Amino acid sequence: MLPLNFKKYSFRIKNSENRIYIFDTIRKRFVVLQPEEWVRQHVIHFLVEEKKYPRSIINVEKQITLNSLKKRFDIVVFNSDGTIKILVECKSPNIEITQATFDQIARYNMKLDAEYLMVTNGLQHYYCQIDHAQEKYTFLREIPDFSR
């Protein structure tokens with residue numbers, strides 16, 4: 001797989017029935033290694049190892065309903081009160097981050113109400129803090145580290 005713009009992490013990889021799998025430490029199972037999954041697994045390791053978020057407050061690829069359509073978010077990180085601190089949208093490295101990508105995560109966030117957004121294709125990372133009262137967002141250099 002293509003090297004990404006993250007530190008080097010240690011992954012459990014296996015080959016079975018001519019398919020390559022990567023172990024997801026959140027879902028606690030091997031998943032097919034596709035380009036977007038490669039990015040998703042790097043983000044999980046970034047959140048846990050660099051930003052120190054506990055695995056127990058991270059959720060991966062869960063379904064939500066938006067305007068009666070079923071959609072899946074990539075990653076959310078919860079606050080201790082159950083609200084969502086960070087919503088992450090992962091794209092394959094060959095997918096350019098465009099306004100459409102930000103529109104997608106904004107639609108998801110209308111339902112999820114996260115405090116921070118992260119959009120990445122593994123090569124480029126964008127971070128925003130949402131001000132719900134003012135209905136605006138501010139781009140950040142990075143997302144905050146975990147704090148109790």
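A polar contact is a pair of N or O atoms within 3.5 Å, where, within protein, one atom must be able to donate a hydrogen and the other to accept it. The exercises below concern a predicted model.

**Exercise 1.** Determine whether Asp-74 is buried or exposed, and find which backbone atom its side chain reaches.

*Solution.* Begin by placing the residue: Asp-74 lies in strand E5. Next, consider its relative accessibility, which is 3%; the cut-off for buried is under 20%, and Asp-74 therefore counts as buried. Then look at the side chain, which reaches the backbone nitrogen of Cys-90 at 2.8 Å. Finally, list the surroundings: leaving aside neighbours within four places in sequence, Asp-74 is in contact with residues including Glu-36, Arg-40, Asn-59 and Val-88.

**Exercise 2.** Work out in what order the strands of the open sheet are arranged, and which strands stand at its edges.

*Solution.* The open sheet is formed by six strands in the order E4-E5-E6-E7-E8-E9, with mixed pairing. Strand E4 (58-66) and strand E9 (136-140) each have a single partner strand, so these two stand at the edges, and one side of each is left without a neighbour in the sheet. Direction ignored, neighbouring strands of this sheet are turned by 30° against each other on average.

**Exercise 3.** Describe how strand E7 is joined to strand E8, and identify which helices pack on the sheet.

*Solution.* Strand E7 (residues 116-120) and strand E8 (residues 125-131) run antiparallel and are joined by five bridges; in E8, Tyr-127 is the bridge partner of Met-118. Helix H1 (residues 35-50) packs on the sheet, its direction making about 30° with that of E5. Helix H2 (residues 99-112) packs on the sheet as well, and its direction makes about 150° with that of E6.

Conventions:
Residues numbered from 1 in each chain as written. Predicted model: local features only at pLDDT ≥ 70, side-chain atom pairs only at ≥ 80, totals over all residues. Heavy atoms only, no water. Pairing = 2+ DSSP bridges. Helix = DSSP H or I, 4+ residues; strand = E, 2+ residues; numbered from the N terminus. Axes fitted to C-alpha atoms, helices over the stretch in contact; angles between N-to-C directions. Contact = heavy atoms within 4.5 Å. Buried < 20%, exposed > 50% of the residue type's maximum accessible area, 1.4 Å probe, protein only.
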